[in-house]
Amino acid sequence: GFTRNRIALLNTNGALVTAFNPGTGANNTVRAAAIHTNGTHLGKVLIGGDFTTVNGVTNNRLARLNLTDGTVDTNFSVTLGTGITNGIVYAIAIQNDEKIVVGGVFTNIGGGARTNIARLNADGSVDATFNPGTGPNNAVYALGLQPDGKIIIGGEFTSVAGVGRNRIARLNSNGSVDPTINFGSGANNFIATLALRPDQRIILGGGFTQFSGVPRNYLEQVIGGATAGAGTLQFSAAAYTVNENNPSIPVTVTRLGGTEDDVSVDFATVAGGSAVAGADFTSTNLTLFFASGETSQTFTFPLLNDTVVDGNKTVSVRL
């Protein structure tokens, strides 16, 4: 029954805390909120979204309010400067050291280049020690903070800093992609939310219907932790089937276990199938490279079409 524009504070019984009055509130959607639970900013709340002002004060997509009365923390606004000037904030997480991790769809924060994920110091200044490189190539919708300082991110992306990661990734505390966790082929559609359990397992929710090739409708739980080493390489399937008039056959190789090192593997078409090299396909012998953190790569070998109507033919391929 009280006017509250896009941000309000409730008691544990659901009743409105009338002392928390943000005035005219946010001038557009609030999509995320996180409360400082310790440190010098204890009792303040961060909000993020599409807005550009809060109670008339310019705050581009990110603001901090005092929980006692709902007023804008203008010191944060001044330090953050231009804020997130060209995008939307979808997720906020506050570390134990009061640093602030922000995810969304943006390429600039505080006047500096950051793509879809950034970390701020407690005062709102951009944390230069957190460098995610080129960052996720699409939206970050969800964040989770591990006790060891590593960060789980979920969203719409298919790579992070050039490393293939389908909608979920783990970053080291400096922003680099963590190669000690292997999510396989990841989710086949966006991850909207995630939660971390005390046993390191990760609960995921979103628009996906498969996770790492296994049918999962919108909800999945994956094992966390870490796996050291280079891992092992194998074909993603026992057989691949295409029509003869396809120009080539795509074959995917996946890496299981650790992904810490740069590795390579030779592949070749070999004798033993019913198809004939030079008539049905082109013999191929090349090397496939996996960068650190990379979990899958695909190669192809050419097919040769003809006008002869005959049955199925097979080609053997070896790693």
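Ala, Val, Leu, Ile, Met, Phe, Trp, Tyr, Cys and Pro count as nonpolar, Asp, Glu, Lys and Arg as charged, and the others, Gly among them, as polar. The model is predicted: local features need pLDDT of at least 70, side-chain atom pairs count only at pLDDT 80 or more, and totals for chains, interfaces and linings use all residues. Residues are numbered from 1 along each chain as its sequence is written, and side-chain values use heavy atoms, with hydrogens and water left out.

**Exercise 1. Describe the largest pocket: its volume, its lining and the division of that lining.**

Step 1. A pocket is an open set of points on a 1 Å grid over the protein atoms alone, where a 1.4 Å probe fits, with protein on both sides within 12 Å along at least five of seven lines; lining residues have an atom within 4 Å of a point. Grid points are joined across faces, edges and corners, and a volume is the space filled by probe spheres set on the points.

Step 2. Give the volume. The largest pocket holds about 680 Å³ of space.

Step 3. Find the lining. It has 24 residues, and Tyr240, Ile249, Lys313, Thr314 and Val315 lie nearest the pocket's centre.

Step 4. Sort the lining. It splits into 15 nonpolar, five polar and four charged residues.

**Exercise 2. Follow S22 into its sheet.**

Step 1. Two strands pair if DSSP finds at least two bridges between them. The open sheet has three strands in the order S21-S22-S25, with antiparallel pairing.

Step 2. Strand S21 (232-235) and strand S25 (296-302) are the edges, each with a single partner strand, so one side of each has no neighbour in the sheet.

Step 3. Check one pairing. S22 and S25 are joined by seven bridges. Ser248 faces Pro302 in S25.

**Exercise 3. Locate the largest nonpolar core and the elements that supply it.**

Step 1. A nonpolar core is a set of buried Ala, Val, Leu, Ile, Met, Phe, Trp, Tyr and Cys residues joined through side-chain atoms within 4.5 Å. Buried means under 20% relative accessible area, exposed over 50%, partly exposed in between (1.4 Å probe, protein chains only).

Step 2. This core has 16 residues; Leu62, Phe76, Ile92, Ile100, Val102 and Leu120 touch the most other members.

Step 3. Strand S1 (30-35), helix H1 (74-80), S6, S7 and S10 each supply at least two residues. S6 gives the most, with three.

Step 4. Three of these elements share an open antiparallel sheet, in the order S6-S7-S10. Val102 has Ala118 in S10 as its bridge partner.

**Exercise 4. Why is strand S17 (residues 202-206) largely enclosed?**

Step 1. Count burial. Four of its five residues are buried, so S17 is largely enclosed by the rest of the structure.

Step 2. Look at one partner. Strand S16 (residues 191-196) and S17 pair antiparallel over five bridges.

Step 3. Look at another. S17 also pairs antiparallel with strand S20 (residues 219-222), over four bridges.
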